[in-house]
Structure formats: structure tokens, C-alpha cells
Amino acid sequence: GTAQLLGGKAWSLANAGAEALLLCTNTMHCVAEQIEQISGLPLLHIADCTASAIKRAGLERIGLLGTRYTMELDFYAERLRRRHGIEVLVPEASDRELVHRVIFDELCQGQILASSRLSYLRIIQAMVADGAEGVLFGCTEIGLLLDPEEISVPTFDSASLHARAGADFILGPL
């Protein structure tokens, strides 16, 4: 139903003259292909612009934080692997649950808690210990919680990278 709803809205945008789509959420990219199909418009995929930044940094193995759906379903990590050759690590199951809970129960509610920030930093350290060369903030709200300066590896805020890709599409690269 989500694909039909968003695809219908995108179709309306196409009929109003839009030339491309920007879906400003990581998780809803699980229906990106259906939205493109329904609307007939190209979609600037959040994983693709994020992958470009990761590759420009020379990294091949990235830790992914996001909603449960973004971390566990194939639509995001598989696209990074298949299209961009980037290996994706996700936290262990209990840590994935914590990351997901913080996103919905805190960040989406406007709560920024120091204890959650420390938990995220611990989870990132574990992924780095497992070989992550950088960390992808695969949820638009994670940048509210984490300061890249506190993280020992490069970070990639998908929301910022996606917004830049949209601006570049409209205005041309700055």
C-alpha cells in the first residue's frame, strides 16, 4: 500500500512537471523501484549518493545504522553491495533493536538523550572492531544524535548527502 500511495503522489508530481524524485527517508526506499515505475520519473536514490561519498573517501566496508527495516531488509545494503561494491556491516540483533527503538521512541519524538548517544557510540565502536572503515547514518534523524567529531572513523550522513544530490540535480554541481 505504501508504494501505491507514494507512487500516486509521485505520479501527480510528474504531471505537474517534476523531472525527478527525491524520497527524503531511508526506510521508504524499500519501495523506491515501485515509485519510479508508477510515476515514470527517475528517483535519486539515497543509497547511490551515499555510496558515491563512501567511494570518494576510498572506503569499501561500512557500518550501517538505521531503522530495523533499513538494517535488516535487503533494499539498502544489497544496493550498496551490488551496485557499488561496498560491504555492509550491521550491529548485532540486540543493538539493532536499540538503534531502532531510539529512532522511533526518542529521535522522532524530539528527544536527544546522552545515554542513547553513548549507546550508539558503543555500537559504532563494535562495528569498527569488526572491520567497518566508516559509519553510514542510514536514518535521517541519526545526525541529530551523533557528532561526527566524536567518532573515530569517517561518517556519512545520508540525509545531508541526499539533499546535496538533489540540489546538484536541480542546480548543477556547486
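Start in strand S4: select Thr-155, the bridge partner of Val-135. Strands here are DSSP runs of E with at least two residues, helices are runs of H or I with at least four, and both are numbered from the N terminus. The model is predicted: local features need pLDDT of at least 70, side-chain atom pairs count only at pLDDT 80 or more, and totals for chains, interfaces and linings use all residues. Residues are numbered from 1 along each chain as its sequence is written, and side-chain values use heavy atoms, with hydrogens and water left out.

**The sheet**

Stay on the S3–S4 pair. The two strands run parallel and share three bridges; strands pair if DSSP finds at least two bridges between them. Phe-137 stands opposite Asp-157 in S4.

Now go to S1. It pairs with S3, also in the parallel sense, over four bridges. Select Gly-63: its bridge partner in S3 is Val-135.

Show all four strands. They form an open sheet with parallel pairing, in the order S2-S1-S3-S4. S2 and S4 (155–157) stand at the edges with a single partner strand each, so one side of each has no neighbour in the sheet. The twist averages 30° from one strand to the next.

Select H5. It packs on the sheet and touches S1, S2 and S3; its direction makes about 150° with that of S2. Axes are lines fitted to C-alpha atoms, for helices over the stretch in contact, and angles run from 0 to 180 degrees between N-to-C directions. Contact means heavy atoms within 4.5 Å.

Next, H9 (residues 158–171). This helix lies across S3 and S4, at about 55° to S4.

**An aromatic pair**

Select Phe-75 and Tyr-76. They are edge-to-face, 6.2 Å centre to centre, with 85° between the planes. Rings of Phe, Tyr and Trp (its six-membered ring) pair if their centres lie within 6.5 Å; planes under 30 degrees apart count as stacked, over 60 as edge-to-face and the rest as tilted. A search of the whole structure finds one aromatic pair. Phe-75 counts as buried at 16% relative accessibility, Tyr-76 at 0%.

Move to Thr-50 in helix H3 (residues 46–56). Its relative accessibility is 0%, so Thr-50 counts as buried. Beyond neighbours within four places in sequence, its contacts are Tyr-76, Leu-136, Phe-156, Ser-158 and Leu-161.

Now the largest nonpolar core, of 38 residues: Ile-62, Leu-65, Tyr-76, Leu-80, Tyr-120, Ile-142 and Leu-146 touch the most other members. Such a core is a set of buried Ala, Val, Leu, Ile, Met, Phe, Trp, Tyr and Cys residues joined through side-chain atoms within 4.5 Å. Apart from it lies another core, of nine residues, among them Ala-3, Ala-10, Leu-21 and Val-31.

**Last stop: H2**

Select Ala-32, Ile-35 and Ser-39, the buried residues named in H2 (residues 32–39). The buried residues of H2 pack against helix H1 (2–15). On the other side, Glu-33 and Gln-37 are exposed. End at Gly-40, which follows H2 and has a positive phi, near 80°.

Definitions and conventions: Buried means under 20% relative accessible area, exposed over 50%, partly exposed in between (1.4 Å probe, protein chains only).
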